[in-house]
Amino acid sequence: MLENCKNAKERWGGVNDLIDKWLMERQELIVKFCDLTVNPPSSQENTIEKLQSFCQVLVDYVSVGHFEIYDQLVKEARDFKNEDGAVLIETTIPQIQETTEVALDFNDSFDEIHKVDDGVEKLVARLERLGRTLESRFEFEDRLIEAIHTSKADAVL
């Protein structure tokens, strides 16, 4: 997951400041996710802190995507008369929305301190599902960015 994030930054970094900032947020999200899954917290208090921090970044990331990035990509597709990109956006945004629902459901379940008591097994299972979901989301987002910016670069040349 982290390697794919680095590849996305290398491909589209510098193309658009908003996308650059968003890809940095993606990297932060992945680092926090890995910190939860690879280095299990040593205490409940530490778990709560890590979960709250992760959930904050998670919600920020999905919000920026829906309320800023996707609108920017739609605008670019229109500005450069990218019909293929516009069609891709129309078909991909509903798929991304499904991943958003999984992310927000995770946040609702674990963002509050008292809900962490539900058990480590439940947390691990939910993190595994969320990890697969985020990986799919990143692939959808990368396809959108690539389709729009490849077309934009071709139009500029």
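Arg-126 is buried, with a relative accessible area of 16%. Here buried means under 20% relative accessible area, exposed means over 50%, and partly exposed lies in between (1.4 Å probe, protein chains only). This is a predicted model, in which local features need pLDDT of at least 70 and side-chain atom pairs count only at pLDDT 80 or more, while totals for chains, interfaces and linings use all residues. Residues are numbered from 1 along each chain as its sequence is written, and side-chain values use heavy atoms, with hydrogens and water left out.

**Salt bridges**

Side chains of opposite charge can pair when their charged atoms come close. A salt bridge here is a side-chain nitrogen of Lys or Arg within 4 Å of a carboxyl oxygen of Asp or Glu. The structure holds 6 of them.

| Pair | N to O distance |
|---|---|
| Lys-75 and Asp-79 | 2.7 Å |
| Arg-126 and Asp-105 | 2.9 Å |
| Arg-137 and Glu-141 | 2.9 Å |

Arg-126 pairs with Asp-105. Arg-126 lies in helix H5 (residues 120–156) and Asp-105 in helix H4, so this pair ties together parts that are 21 residues apart in sequence. Helices (H or I, at least four residues) and strands (E, at least two) are DSSP runs, numbered from the N terminus. Asp-105 is partly exposed, at 35% relative accessibility.

Arg-137 and Glu-141 both sit in helix H5. They are 4 residues apart, about one turn of the helix. Arg-137 is buried, at 1% relative accessible area. Glu-141 is buried too, at 1% relative accessibility. Salt bridges with shared partners join Arg-26, Arg-137, Glu-141 and Asp-142 into one network.

Lys-75 and Asp-79 are both in helix H3, again 4 residues apart. Lys-75 is partly exposed, at 46% relative accessibility. Asp-79 is partly exposed, at 46% relative accessibility.

**Ala-77**

Ala-77 also belongs to helix H3. Its relative accessibility is 3%, so Ala-77 counts as buried. Contact means heavy atoms within 4.5 Å. Leaving aside neighbours within four places in sequence, Ala-77 is in contact with Asn-82, Gly-85, Ala-86, Ile-89 and Ile-148. Ala-77 and Ala-147 are 70 residues apart in sequence. In space they are 8.9 Å apart, C-alpha to C-alpha.

**Lys-81**

Lys-81 is in the loop between helix H3 (44–79) and helix H4 (83–110). Lys-81 is exposed, with a relative accessible area of 68%. Its phi is near 50 degrees, a positive value in a residue other than glycine.
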